[in-house]
Amino acid sequence: MLQMSLISMNSFACICSADMELQEARDYEYEKSEIVIVGEITYLSSDKKAFEIKILEKLKGDFQVGQVLQGKNNYYCEPIIDSLGTWLIYGGTENGKLTINECGLSRSFDKPEENLFFRPPPPPPPSHPDSIIDKRAREKEFMERIEEYKTIAFKELEVELTQLRDRKM
């Protein structure tokens with residue numbers, strides 16, 4: 001019985017979908033967030049469950065620039081802080097620790113395309129499953145789309161930061 005309980009506790013996962021327009025998601029994310037910051041992830045535990053972030057820019061909340069916060073990832077739901085560097089964070093606090101909004105718009109400045117809203121759709125199915133030429137063409141097309149999505153993700157991050165800074169004023 002105990003084994004079943006442990007399995008079910010560790011089996012939880014959320015399902016995130018980009019089912020609203022980006023601007024609507026930005027507005028929603030801002031409103032539901034206790035804190036919105038640009039920060040530098042200075043520490044990430046080896047299991048990626050805990051991190052430390054230094055606030056570089058406060059866009060919403062009661063924290064101060066330069067303040068260092070301890071954070072915890074919701075390991076079962078995206079976005080997950082998975083690398084050092086500068087991040088745009090939407091979140092709140094729980095037991096004194098920064099938490100990231102589930103299925104939200106938090107993302108790395110280095111790889112903003114890794115957020116759900118900016119991922120390219122999967123490549124189309126092959127017209128002939130055994131065709132090497134078709135497979136290579138689809139892979140090339142998919143890699144081009146990935147680059148296009150990266151460009152879009154960087155531009156949208158710039159737009160979002162401008163909007164957040166305007167809201168702060």
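How many nonpolar, polar and charged residues are there in the lining of the second largest pocket?

Modeller: The model is predicted. By class, the lining of the second largest pocket consists of eight nonpolar, two polar and four charged residues. The space in this pocket comes to about 160 Å³. The pocket is lined by 14 residues, and those closest to its centre are Ser17, Met20, Tyr28, Cys103 and Phe117.

Next, the loop between α2 (22-32) and β1 (35-44) is where Ser33 is placed. Ser33 has a relative accessible area of 4%, so it counts as buried, the cut-off being under 20%. The side chain of Ser33 makes a polar contact of 2.8 Å with the side chain of Asn101. With neighbours within four places in sequence left aside, the residues in contact with Ser33 are Lys60, Tyr90, Gly91 and Asn101.

Then there is the strand pairing. β3 covers residues 68-72, with Leu69 and Gly71 on a covered face and Val68, Gln70 and Lys72 on an uncovered one. Strand β2 (residues 50-60) pairs with β3 in the antiparallel sense, over five bridges, and Lys72 in β3 is the bridge partner of Ala50. β3 also runs parallel to strand β5 (residues 97-100), to which two bridges join it. Gly71, from the covered face of β3, has Leu98 in β5 as its bridge partner.

Definitions and conventions:
Residues numbered from 1 in each chain as written. Predicted model: local features only at pLDDT ≥ 70, side-chain atom pairs only at ≥ 80, totals over all residues. Heavy atoms only, no water. Buried < 20%, exposed > 50% of the residue type's maximum accessible area, 1.4 Å probe, protein only. Helix = DSSP H or I, 4+ residues; strand = E, 2+ residues; numbered from the N terminus. Pairing = 2+ DSSP bridges. 1 Å grid on protein atoms, 1.4 Å probe; cavity = no way out; pocket = protein on both sides within 12 Å on 5 of 7 lines; lining within 4 Å. Points joined across faces, edges and corners; volume = space filled by probe spheres on them. Nonpolar A, V, L, I, M, F, W, Y, C, P; charged D, E, K, R; others polar. Polar contact = N/O pair within 3.5 Å; in protein donor to acceptor, adjacent residues only side chain to side chain. Contact = heavy atoms within 4.5 Å.
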